[in-house]
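These are my notebook entries on a structure that I looked up for a reader new to it. I kept them in the order in which I worked.

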Amino acid sequence: MEDPSSRQEISRVIKVLEALKQASHDLQSHPIPKSSDSFRALLELQTESETILSKDPNLSTLSQHLSRLKSLVDTLQKSRGRTLRNFLARRVSTHSISRVAGSIESEIQAWIDRESIDNLTAQLKKEGARDEPELIRLLTQFENRISQGFDRELQDLILKSKIFVLLEKIICDSNCLKSVREQCAFVVAALISFNKDVFVGQVLMGSLIHALVSMVSWKAMKVLCTLINLIKSPLVDEIESNGEIPKIISFLDYKDLELRVLTMDCVLEIGYFGRKEAIEAMLKEGLIKKLVELQRLELGGTLIDMDKFDGVGGKRESTVESKDQRFSESHPFASCVARFAVQLEVGEGLRQREKRGFKLEILEKVREASVSDAETAAIVAEVLWGSSP
């Protein structure tokens, strides 16, 4: 088990380095005498961090950068006269300060990334004695980091740590706490967004998709929607070939509203990217009947009803956009049959002939599922003329 005193020391180091990083970031924008606060902060932090830097060989370059920065600051402060020589010296010094401050920020971020990934992988490898709140905190911190955008050095650290395999192992372990599995799933989605070309193969080759569906969780379904949007048709093919579509469609019958709403989103994503086999599998599971029933609910209706919608408590919305948003939030299943049909029509997975065939099949199933001629006419009209997806 990790020594609490060691953890406190690491936290103290990170706190000091984060302060150094912020001061360095400020100096890049304002490497001029009036930003004396940034100078002072860096110099004070340099003194405080000397002991820390001397203990860790990975921080030796950072120590050199800090010494170089102090020298540049001294040079800048000595060139305050109004001569041309001093003016040129100040220009050179401020440029150099900005460049060195950038190097300091990069070195600190690289050290924090190494430390964070080491801590996270150590927690992920523990079995039976995980500090679950701490693990969720580290996972959230890591997700936020990779969501900032691509970084080659960070990617190298991720690949060396084999963190994806560790995440997948936990997601697939039904004995793990669901909140931990869900947070691991969010990290996986963030990794795919971070660099799809590197990590998408591991999603398609593993059993992660089955684990996500088996969780029966709106958070897991949200991750699945994200993955479909990122990986597109190849992932939908995998979902269909693994026989997951019947389970996904069954979630539309669950009492959990958030799960049903996210399942609806997932159905629309599959409709957009799915090939013929996936769409056939959804229709075979009675999807259209379920959508008609959802549209019949208080949370359903048609998008044409938006013109009559005044918001909560009759309060009129100030803009069309806010009105549309409020209606969509309060009526998540509005026009869901037509929205699904539109996804097929504009989507990437079907040929034109297949799109026409499925549209006719949807219309027939609407007639079978409707409880009145009026309901049939309203839904058929929306499907025929289209509705905003």
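**Entry 1: the nonpolar cores.** I began with the largest nonpolar core, which has 88 residues. A nonpolar core is a set of buried Ala, Val, Leu, Ile, Met, Phe, Trp, Tyr and Cys residues joined through side-chain atoms within 4.5 Å. Buried means under 20% relative accessible area, exposed means over 50%, and partly exposed lies in between (1.4 Å probe, protein chains only). Leu-124, Ile-158, Leu-212, Leu-224, Leu-291 and Phe-340 touch the most other members of this core. Helix α8 (residues 178–194) supplies the largest share of the core, 11 residues. I noted a second, separate core of 15 residues, with Leu-17, Leu-59, Ile-97 and Ile-112 among them. In soluble globular proteins, nonpolar side chains tend to be buried together.

I then listed the neighbours of Ile-158, leaving aside those within four places in sequence. Ile-158 is in contact (heavy atoms within 4.5 Å) with Ile-117, Phe-142, Ile-146, Ile-163, Leu-191, Phe-194 and Phe-199.

**Entry 2: basis of the values.** The model is predicted; local features need pLDDT of at least 70 and side-chain atom pairs count only at pLDDT 80 or more, while totals for chains, interfaces and linings use all residues. Residues are numbered from 1 along each chain as its sequence is written, and side-chain values use heavy atoms, with hydrogens and water left out.

**Entry 3: the chain as a whole.** I recorded 20 helices and 0 strands for the chain. Helices (H or I, at least four residues) and strands (E, at least two) are DSSP runs, numbered from the N terminus. Of the 389 residues, 47% count as buried. Among contacts with a separation of 6 or more, 70% are between residues 24 or more positions apart. The accessible surface comes to about 20400 Å², and 50% of it belongs to carbon and sulfur atoms. This area comes from the Shrake-Rupley method with a 1.4 Å probe.

**Entry 4: helix α7.** I asked how many of the residues of helix α7 are buried. In helix α7 (residues 163–171), 7 of the 9 residues are buried, so the helix is largely enclosed by the rest of the structure. The buried residues are Ile-163, Phe-164, Leu-166, Leu-167, Glu-168, Ile-170 and Ile-171.

**Entry 5: aromatic pairs.** I counted 4 aromatic pairs. Rings of Phe, Tyr and Trp (its six-membered ring) pair if their centres lie within 6.5 Å; planes under 30 degrees apart count as stacked, over 60 as edge-to-face and the rest as tilted. Phe-164 and Phe-199 form a stacked pair, 6.0 Å centre to centre with 10° between the planes. Phe-164 lies in helix α7 and Phe-199 in helix α9 (residues 196–205), so the pair ties together parts that are 35 residues apart in sequence. Both Phe-164 and Phe-199 are buried. Tyr-272 and Phe-273 form an edge-to-face pair, 4.8 Å centre to centre with 75° between the planes. Tyr-272 is partly exposed at 22% relative accessibility, whereas Phe-273 is buried at 4%.

**Entry 6: salt bridges.** My search of the whole structure gave 7 salt bridges. A salt bridge is a side-chain nitrogen of Lys or Arg within 4 Å of a carboxyl oxygen of Asp or Glu. Asp-113 and Arg-145 meet in a salt bridge at 2.9 Å, N to O. Asp-113 lies in helix α4 (residues 84–125) and Arg-145 in helix α5 (residues 132–146), so the pair ties together parts 32 residues apart in sequence. Asp-113 is buried at 7% relative accessibility, and Arg-145 is buried at 12%.

Glu-134 forms a salt bridge with Arg-137, with the closest N and O atoms 2.8 Å apart. Glu-134 and Arg-137 are 3 residues apart in helix α5, so about one helical turn separates them. Glu-134 is buried at 15%, whereas Arg-137 is partly exposed at 43%.

Arg-296 and Glu-375 meet in a salt bridge at 2.8 Å, N to O. This pair links distant parts of the chain, with Arg-296 in helix α16 (residues 287–296) and Glu-375 in helix α20 (residues 373–385), 79 residues apart. Arg-296 is partly exposed at 38%, and Glu-375 is buried at 14%. Salt bridges that share partners join Asp-113, Arg-145 and Asp-151 into one network.

**Entry 7: cysteines.** I found 0 disulfides, a disulfide being a pair of cysteine sulfur atoms within 2.5 Å. Cys-176 is in no disulfide, and the nearest cysteine sulfur, that of Cys-184, is 7.7 Å away. Cys-176 is buried at 13%, whereas Cys-172 is partly exposed at 33%.
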